[in-house]
Amino acid sequence: MENGVMKTKQNNKSSLQVHQAAAPPPQTRLWKIIMVAAIAAGVQFGWAIQLSLLTPYVQLLGIKHQYAPLIWLCGPISGMIVQPMVGYYSDNCTSRFGRRRPFIAAGASLVTVAVFLIGFAADIGHASGDPLGKVIKPRAIAVFVVGFWILDVANNMLQGPCRALLADLSGGRAKRMRTANSFFSFFMAIGNILGYAAGSWSSLHKVFPFSNTKACDVYCANLKSCFFISAALLLSVTTLALSTVREHELTKEVDEADDPDDEKLPTEKSKLPFFGEIFGALRDLPRSMWILLLVTCLNWIAWFPFFLFDTDWMGKEVYGGNPDGSANDNRLYEQGVQAGSLGLMLNSVVLGVMSLGVELIARRFGGVKKLWAGVNFILAACLALTIMVSKMADKSRRFAPNGDLMPPSAGARAGALTLFSVLGIPLAVTYSIPFALASIFSSSTGSGQGLSLGVLNLGIVVPQMFVSLVGGPWDQLFGGGNLPAFIVGAISAALSGIFAITLLPSPPPDAKAGVPVAAFH
């Protein structure tokens, strides 16, 4: 009878939980946490290139502005499926190489394949029969989309296990988890700086002369060259981290309450090894995680329009260019895109500095929830101010003697770059605090880090899908500009700040919580 009661309790255990050790593993040395966090630099270098150059690039391949957001559906769809799946299987992986490291290595390898497909999409398309010039290139688009899907799947395979590994290495301590995620955010800033700097260097293709071909002009060649560097950087930091930070093999232990005679009884978990877990995780999600998901969701509805259209906004609204217009319009648009890359690099400098100070600022600000709420209001203000900067640029338009439109005034450019820079402050918090809170909440309830972070990722990818589906038509409804999506983002950021301060619970005190069975050396 006693065994039956104990089994019932086990079967009713939360789907987020994994087998717990009698005592949590000790926290790892800080330099090893930094080594793992450095992988973020390689991942984010590639993301920086995507965010600054890919939206203009897909338009050069012949995809119109209103359809460009649909390409970005690849990321959220793959993130909605891949990251929770990878998180679940990494929580339960019994490979002799560890739980997280095999997934990180596989993700880095797939990124390398993907960037070459994206970089050579125009060449492969032309070799397969695509025409040259500013026309739709269906074969190049097909290659690009395949590469982009692989890239997003690979990035999701990397980021989830990396953050879960950082949480594992923190030994269940809330403060160390926040510090680890701050370092992850810092290295994301380093990757951003390098990526945006590479994207803004118009002569980068000269380092790789073979990148400039008939089908791939200077702009395309620069993108291709950026991806070469991205693959080399990611493989280098991943190899260094995985060779210095090792995991012990996760062993399957039989609980003393289990009756060996009942080992083969079917369970819900065995029937649905992943989807049963994810639905069970959502069903058993504590209130604190639901509120965290809500605040994160609203936060990313605010961020994603800017991530998607930031350089496009600089090229069109600020510089007055048009990728489908005359040669001068096209030139102005490219100048705006390069200026946007510079703005994103400045954004990343602020992001890096702010990331190292998040822990200290949170203590002085009265806690992480107040800090997160405060920076969301900063995000809302900056997105709303894009209207003022756009109007300033529009009123200061100047024309050359031949009638060609000239670049915007210094004041308009300075205003736009200032917005890019200030947005680095809320971005540092977005990249660290939500993930730290998810790790802290999951550790305090004995949940698996991989699956918990995968569930949090749903609060990121769902708004991305929403913006990708409705962003283009919404902008077209108001004339095809980027400002309508930015205004929706400003409203969403304000709501996120209000809910963070009023509903989000404060994290538990810094104490060692139960963590999954694993050890490191």
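Contact here means heavy atoms within 4.5 Å.

## About the model

This model is predicted: local features need pLDDT of at least 70, side-chain atom pairs count only at pLDDT 80 or more, and totals for chains, interfaces and linings use all residues. Residues are numbered from 1 along each chain as its sequence is written, and side-chain values use heavy atoms, leaving out hydrogens and water.

## Helices α15 and α20

Let's start with a helix pair (helices are DSSP runs of H or I, at least four residues, numbered from the N terminus). Helix α15 (residues 368-395) packs with helix α20 (residues 483-502) at an angle of about 160 degrees, their axes 8 Å apart. The axes are lines fitted to C-alpha atoms over the stretch in contact, with angles from 0 to 180 degrees between N-to-C directions. Therefore α15 and α20 are roughly antiparallel (angles over 145 degrees).

Among the residues that meet are Phe377, Leu383 and Ile387 in α15, and Phe486, Ile487 and Ile498 in α20. By class, this contact of α15 with α20 has 16 nonpolar, 6 polar and 2 charged residues. Ala, Val, Leu, Ile, Met, Phe, Trp, Tyr, Cys and Pro count as nonpolar, Asp, Glu, Lys and Arg as charged, and the others, Gly among them, as polar.

## Salt bridges

The whole structure has 6 salt bridges (a side-chain nitrogen of Lys or Arg within 4 Å of a carboxyl oxygen of Asp or Glu). In one of them, the closest N and O atoms of Arg100 and Asp168 are 2.8 Å apart. Arg100 lies in the loop between α5 (74-91) and α6 (101-119) and Asp168 in helix α8, so the pair ties together parts that are 68 residues apart in sequence. Both Arg100 and Asp168 are buried (under 20% relative accessible area, with exposed over 50% and partly exposed in between; 1.4 Å probe, protein chains only).

Methods. Helices (H or I, at least four residues) and strands (E, at least two) are DSSP runs, numbered from the N terminus. Angles under 35 degrees count as roughly parallel, over 145 as roughly antiparallel, 65 to 115 as roughly perpendicular and the rest as oblique.
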